[in-house]
Amino acid sequence: MKFNDIRQAMWANVFHPKKDVEVSRLDFLNQIPLFHGLRPWELKSVAHIIHQRKYEESEYLFEQGQPGAALFIIESGEVCVELGLPDSPTYTKLVHLGPGSFLGELALLDQSPRSASARACTATHCYALFRKDLDSLVDTHASTGFKIYKALASIIGDRLKTSNTIISIKKAA
């Protein structure tokens with residue numbers, strides 16, 4: 001092996017930017033409750049199927065009524081979830097989400113229309129996990145997909161309970 005070949009291989013391994021990005025992505029995903037039960041190799045398989053997205057301030061991640069296709073995980077920035085009222089041009093802000101939050105999780109289950117809109121309140125970087133990619137992961141690594149769907153069911157259940165509590169409190173007031 002020639003010296004230049006050795007040097008090139010060494011430098012490629014030390015300063016390969018894709019590996020640095022991958023480690024950072026893995027560290028970030030490891031903090032998301034949806035992926036807490038995954039082993040390192042399973043998390044790595046998820047990191048390969050998520051897509052990085054960038055949104056400018058006021059740009060929509062998705063709009064109410066659109067078919068759902070992906071869950072979004074906020075890496076940086078802020079997203080406002082808003083509900084449009086029938087026959088009204090105004091929106092009611094439901095929640096303000098920041099880094100580490102995720103939204104649009106029902107899109108991983110079916111193609112039903114989005115129940116609200118999500119708009120970037122500031123410049124936002126996030127990851128999108130598309131239903132078709134999760135379905136492919138289930139086909140190739142069923143146990144990984146099962147863990148994600150189990151965590152998803154638990155999170156959706158918790159969010160439903162919280163919504164019911166909020167509605168009960170508002171009705172009582």
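The model is a predicted one, and it contains 5 helices and 8 strands. Read along the sequence, these elements follow the pattern α-α-α-β-β-β-β-β-β-β-β-α-α. Of the 173 residues in the protein, 35% are buried, and among the contacts between residues at least 6 apart in sequence, 73% join residues at least 24 apart.

**Helix α5 and helix α4**

- Helix α4 spans residues 131–140 and helix α5 spans residues 142–172, and their axes come within 5 Å of each other while crossing at roughly 130°.
- Because angles from 65 to 115 degrees count as roughly perpendicular and those over 145 as roughly antiparallel, α4 and α5 are therefore described as oblique to each other.
- On the α4 side the contact involves Leu-134, Asp-135, Leu-137, Val-138 and Thr-140, which meet Ala-142, Thr-144, Gly-145, Ile-148 and Tyr-149 in α5.
- Sorted by class, the residues in this contact of α4 with α5 are 6 nonpolar, 3 polar and 1 charged.

**Helix α5 and helix α3**

- Helix α3, which covers residues 40–49, packs with α5 at an angle of about 80°, and the two axes are 10 Å apart.
- Since an angle from 65 to 115 degrees counts as roughly perpendicular, α3 and α5 are therefore placed in that class.
- From α3, the residues Trp-41, Glu-42, Ser-45 and Val-46 take part in the contact, and from α5 the partners are Ser-143, Thr-144, Lys-147 and Ile-148.
- The class division for the contact of α3 with α5 is 3 nonpolar, 3 polar and 2 charged residues.

**Thr-144, a buried residue in α5**

- Thr-144 lies in helix α5, and this residue counts as buried because its relative accessible area is 0%, where the cut-off for buried is under 20%.
- Leaving aside neighbours within four places in sequence, Thr-144 is in contact with Leu-38, Trp-41, Glu-42, Ser-45 and Leu-137.
- Among these partners, Trp-41, Glu-42 and Ser-45 belong to the α3 side of the contact of α3 with α5, whereas Leu-137 belongs to the α4 side of the contact of α4 with α5.

**Leu-29, a buried residue in α2**

- Leu-29 lies in helix α2, which covers residues 17–30, and Leu-29 is likewise buried, with a relative accessible area of 0%.
- Apart from neighbours within four places in sequence, the contacts of Leu-29 are with Phe-35, Leu-43, Val-46, Ala-47, Ile-50 and Ile-73.

**The largest pocket**

- The largest pocket holds about 950 Å³ of space, and of the 29 residues that line this pocket, the closest to its centre are Leu-94, Glu-105, Ser-115, Arg-159 and Ser-163.
- At least two lining residues are supplied by each of β4 (79–84), β5 (91–97), β6 (102–103) and α5.
- Helix α5 gives the most to the lining of the largest pocket, with 8 residues, and α5 is also the helix that takes part in the contacts with α4 and with α3.
- By class, the lining of the largest pocket consists of 16 nonpolar, 8 polar and 5 charged residues.

Technical notes:
Residues numbered from 1 in each chain as written. Predicted model: local features only at pLDDT ≥ 70, side-chain atom pairs only at ≥ 80, totals over all residues. Heavy atoms only, no water. Axes fitted to C-alpha atoms, helices over the stretch in contact; angles between N-to-C directions. Helix = DSSP H or I, 4+ residues; strand = E, 2+ residues; numbered from the N terminus. Parallel < 35°, antiparallel > 145°, perpendicular 65-115°, else oblique. Contact = heavy atoms within 4.5 Å. Nonpolar A, V, L, I, M, F, W, Y, C, P; charged D, E, K, R; others polar. 1 Å grid on protein atoms, 1.4 Å probe; cavity = no way out; pocket = protein on both sides within 12 Å on 5 of 7 lines; lining within 4 Å. Points joined across faces, edges and corners; volume = space filled by probe spheres on them. Buried < 20%, exposed > 50% of the residue type's maximum accessible area, 1.4 Å probe, protein only.
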